[in-house]
Amino acid sequence: MIVRDIMSTNLTTVAPDATLAHAVNLLRQHGFHHLPVARVRHVADPESKSKKKHKTLLLLEGMLTSHDIDIQAALARQEASSRALQRSWLERRVVEVMHRALIRVTPTTSVPSAAQILVERNLNYLPVVSYEQLDSESKTVLVGLVTRSDLLVALSRAMGAFEPGMQLTLALPLGDITPLARFLDIASQMHVHIRSVLATPSEGGVPSLAVVRLGTINPAPLLMRLQQEGVQYAFGASPAEGDMIHAE
């Protein structure tokens, strides 16, 4: 899975020469915590047969966050208490306050790589950019945003959380995936749809459990077969050792 598959493309942006008052209104109106700062550029669309058809590009200048706004408001309160001077910080231009957002990804960046950047850099979002040659210069074009929320939604969808079904956990003793292979073989024989399989490594780097999402709300025949075949399973994602159901 790559960033293009999960990124948000319906973007609300603010121009670099807009006032902070305008940016504050956008943040409040949409309930955002960050705004991409971009200049709108209309260029001829090379894929169109009509020379008159243009496409709109968003040339990324930086990012403006609610934290940036809070800092400006706090500084204004420290500098003066008069209402006129307090109002002046809202008249500043976005370009004076924004940060350049030098940490970016492209649409073809892998989702795990984007997640790693967000975690390691303690970020909540990443601009998604492409690079186009305009006026003999390479320009950074904003094509989307990927946020921590996008990653959580993608993980939930990948695990089939939004589809009807149930979840089982299989024990993988010492990282042995044989129980998982047997489970998948049995499920295939019984035509039980598997929505997702997730085996996460433990602290030692060896997976001890596999979480399987079944696309059925009537798993009784499958569960009986698993017990007959001696495949240990439990309900839920993190069962205690005594929760595993053994063959009788």
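**Close-up views of a predicted model**

**View A. Threonine 109 and its surroundings.** Leaving aside residues up to four places away in sequence, threonine 109 touches Ile2, Val3 and Ala114, where contact means heavy atoms within 4.5 Å. The structure is a predicted model, in which local features need pLDDT of at least 70 and side-chain atom pairs count only at pLDDT 80 or more, while totals for chains, interfaces and linings use all residues. Residues are numbered from 1 along each chain as its sequence is written, and side-chain values use heavy atoms, with hydrogens and water left out. Threonine 109 lies in the loop between α4 (94–97) and α5 (111–120); helices (H or I, at least four residues) and strands (E, at least two) are DSSP runs, numbered from the N terminus. Threonine 109 counts as buried because its relative accessibility is 17%, given that buried means under 20% relative accessible area, exposed over 50%, and partly exposed in between (1.4 Å probe, protein chains only). The side chain of threonine 109 reaches the backbone nitrogen of threonine 106 at 3.0 Å.

**View B. Leucine 35 in strand β1.** Leucine 35 belongs to strand β1 (residues 34–44) and, with a relative accessibility of 0%, counts as buried. Not counting residues up to four places away in sequence, the residues that leucine 35 touches include Thr12, Val14, Ala23, Leu26 and Leu27, as well as Gly62, Met63 and Leu64. For leucine 35 and leucine 64, a separation of 29 residues in sequence goes with a C-alpha to C-alpha distance of 5.2 Å.

**View C. The open four-stranded sheet.** Four strands form an open sheet in the order β6-β7-β5-β8, with antiparallel pairing; two strands pair if DSSP finds at least two bridges between them. At the edges are β6 (194–201) and β8 (233–235), each of which pairs on one side only. Averaged over the sheet and with direction ignored, neighbouring strands are turned by 25 degrees against each other; axes are lines fitted to C-alpha atoms, for helices over the stretch in contact, and angles run from 0 to 180 degrees between N-to-C directions. Helix α8 (residues 220–229) packs on this sheet, where it touches β5 (166–171), β7 and β8, and its direction makes about 145 degrees with that of β8.

**View D. Bridge partners along β7.** The antiparallel strands β6 and β7 (residues 207–214) are joined by seven bridges. Valine 197 stands opposite valine 212 in β7, and threonine 200 has leucine 209 of β7 as its bridge partner. Six bridges link β5 to β7, again antiparallel, and glutamine 167 has arginine 213 in β7 as its bridge partner.

Methods: Polar contact = N/O pair within 3.5 Å; in protein donor to acceptor, adjacent residues only side chain to side chain.
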